[in-house]
Amino acid sequence: MIKNQVLKTKSDIVLTKEIFLAKGQEIEIVMDVIYINGYMIPPNLQNFFYDFIKKNPDQFIDVTMNW
């Protein structure tokens with residue numbers, strides 16, 4: 001389980017031939033649901049992104065703000 005947080009990519013990331021994340025791309029994780037730029041990614045891709053984030057934490061900057 002990843003805690004609720006907001007991440008930004010440190011550089012361009014190519015995940016597959018069709019899926020890439022640009023440098024500075026914002027990824028939100030809320031209650032184990034992943035959003036990119038405020039939009040929930042499709043349910044069939046949730047595990048794919050979750051696994052990538054867990055295995056590659058050095059690719060992201062934690063920009064979570066606690067108010």
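Below is a chat about a predicted model of a protein chain.

Me: How does the radius of gyration of the protein chain compare with that of a compact globule?
Reply: The two agree, because a compact globule of 67 residues would have a radius of gyration near 11 Å and the protein chain has 11 Å. Taken along the principal axes, the box that the C-alpha atoms fill is roughly 40 × 25 × 20 Å.

Me: And how much of the chain is buried?
Reply: Buried residues account for 31% of the 67 residues in the protein chain. As for the surface, the chain exposes about 4900 Å², and carbon and sulfur atoms supply 58% of that area.

Me: Where do the charges sit, roughly, I mean how far apart are the mean positions of the positive and negative ones?
Reply: The protein chain has 7 positive and 8 negative charges, and their mean positions are 4 Å apart.

Me: OK, on to the inside. Which residues have the most contacts in the largest nonpolar core?
Reply: That core has 16 residues, and those with the most contacts inside it are Leu15, Leu21, Ile27, Ile34, Phe49, Ile53 and Phe60. Two or more residues of the core come from each of strand S4 (26–30), strand S5 (33–36) and helix H1 (43–55), and H1 gives the most, with four residues. In soluble globular proteins, nonpolar side chains tend to be buried together.

Me: Let me pick Leu21 from that list. Is Leu21 buried or exposed?
Reply: Leu21 counts as buried, because its relative accessibility is 3% and the cut-off for buried is under 20%. Leu21 is found in strand S3, which spans residues 20–21.

Me: Which residues does Leu21 touch, leaving aside its neighbours within four places in sequence?
Reply: With those neighbours left aside, Leu21 is in contact with Thr9, Ser11, Asp12, Ile13, Leu15, Ile27, Ile36 and Phe49. As for Ile34, which is 13 residues from Leu21 along the chain, the C-alpha atoms of the two are separated by 14 Å.

Me: And what is Leu15 in contact with, on the same terms?
Reply: Leaving aside neighbours within four places in sequence, Leu15 is in contact with Phe20, Leu21, Phe48, Phe49 and Phe52.

Me: What about contacts over the whole chain, how many join residues at least 24 apart?
Reply: Among contacts between residues at least 6 apart in sequence, 46% join residues at least 24 apart.

Me: Changing topic to the backbone, what is phi for Met31?
Reply: Phi of Met31 is near 50°, which is a positive value in a residue other than glycine. Most residues other than glycine have a negative phi. Met31 is found in the loop between S4 and S5, and Met31 is exposed, with a relative accessible area of 69%.

Me: And where does Asn37 lie?
Reply: Asn37 lies in the loop between S5 and strand S6 (39–40). Although Asn37 is not a glycine, it has a positive phi of about 50°, and at 47% relative accessibility Asn37 counts as partly exposed.

Me: Which strand holds Tyr39, then?
Reply: Tyr39 lies in strand S6, and with a relative accessible area of 65% Tyr39 is exposed. The C-alpha atoms of Tyr39 and Ile27 are separated by 9.3 Å, and these two residues are 12 apart along the chain.

Me: Last one, where is Thr16 found?
Reply: Thr16 is found in the loop between strand S2 (13–14) and S3, and Thr16 is partly exposed, with a relative accessible area of 27%. Thr16 and Val63 are 47 residues apart along the chain, and their C-alpha atoms are separated by 25 Å.

Conventions:
Residues numbered from 1 in each chain as written. Predicted model: local features only at pLDDT ≥ 70, side-chain atom pairs only at ≥ 80, totals over all residues. Heavy atoms only, no water. Rg over C-alpha atoms; globule rule 2.2 N^0.38 Å. Buried < 20%, exposed > 50% of the residue type's maximum accessible area, 1.4 Å probe, protein only. Contact = heavy atoms within 4.5 Å. Areas by Shrake-Rupley, 256 points an atom, 1.4 Å probe, with all protein chains shown as cover. Lys, Arg positive; Asp, Glu negative; His and termini not counted. Charge placed at Lys NZ, Arg CZ, Asp CG, Glu CD. Core = buried A, V, L, I, M, F, W, Y, C linked by side-chain atoms within 4.5 Å.
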